[in-house]
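Q: I would like to go through this structure with you, a few points at a time. Shall we begin?
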Amino acid sequence: MKQGIIFDMDGTLWDSAENVAASWNAVIEKSGFVQRKLTEADIKSVMGKTMDVIADELFSDLPAEERMQLLHICCEEENEYLREHGGMLYDGVKDTLKKLRERYHLYIVSNCQKGYIEAFLDFYRLWDNIEDIECYGNNLLQKSENIRLVAERNGLDGAVYVGDIQADYDASRKAGVGFVHAAYGFGTVDAEVPRIHTFKELLTMDFDAVFSRCQNTKGKEDSDDQI
């Protein structure tokens, strides 16, 4: 049986908000589109959302075309900045991924722009641990669809998504995979789910139980759909 763990990025693997804000502010200052300075809190407030929603929320005072143009430039600069400077990697991520891959297949799915996951993997040299990645910026698909896409194209018999906010849990439910809440991240989850308070706790997680719970839940949902 091929089992996989699919990871969210922000609030799960790392916290890049401070450096993202720095890179975006450099672009905003040069652009002349808008006079404002983004804070780390501003960035955290939109992490996990798709790029079009982020543009609407952070640059709402600009016409739609200009806000998307500014967002595109910000994202390009952000990727390069993070590839050079990284972010705040959560404690134990490198060693934990290395140990998890001995038993499971590992993937990343995020609502980020194209190139963001690659910048993360480049800076921390983690490519050997991750078999496949997908994001909103590649195909404009919602997170639930990309989770399902990664699970299907890699032939997974069981999958678990590890994320930190309610939207991550909701996406995992729609995708039909299990869920583990990274409770040290940016948000809460209003559901009875397995939780970790450090990334290293994944090494003691009973993933077999999570996979089993997912299969039982999926079977019930399929049955309900037929009623």
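Q: Is Gln 113 buried or exposed?
A: In this predicted model, Gln 113 is buried, with a relative accessible area of 7%. That value counts as buried because the cut-off is under 20%.

Q: Where does Gln 113 lie?
A: Gln 113 sits in the loop that runs between strand 4 (105–110) and helix 6 (116–124).

Q: Which residues is Gln 113 in contact with, leaving aside neighbours within four places in sequence?
A: The contacts of Gln 113 are Met 51, Cys 75, Glu 78, Asn 79, Cys 135 and Gly 137.

Q: Turning to the sheet, what is the order of its strands?
A: The sheet is open and has six strands in the order 5-4-1-6-7-8, with parallel pairing. Its edge strands, each pairing on one side only, are strand 5 (132–135) and strand 8 (195–196).

Q: How many bridges pair strand 4 and strand 5?
A: Strand 4 and strand 5 are joined by four bridges, in the parallel sense. Within strand 5, Glu 134 is the bridge partner of Val 109.

Q: And which strands does helix 6 touch?
A: Helix 6 packs on the sheet and touches strand 4 and strand 5. The direction of helix 6 makes about 140 degrees with that of strand 5.

Q: What does Ala 21 touch, beyond residues up to four places away in sequence?
A: Ala 21 touches Leu 38, Thr 39, Glu 40 and Ile 43.

How values were computed. Residues numbered from 1 in each chain as written. Predicted model: local features only at pLDDT ≥ 70, side-chain atom pairs only at ≥ 80, totals over all residues. Heavy atoms only, no water. Contact = heavy atoms within 4.5 Å. Helix = DSSP H or I, 4+ residues; strand = E, 2+ residues; numbered from the N terminus. Buried < 20%, exposed > 50% of the residue type's maximum accessible area, 1.4 Å probe, protein only. Pairing = 2+ DSSP bridges. Axes fitted to C-alpha atoms, helices over the stretch in contact; angles between N-to-C directions.
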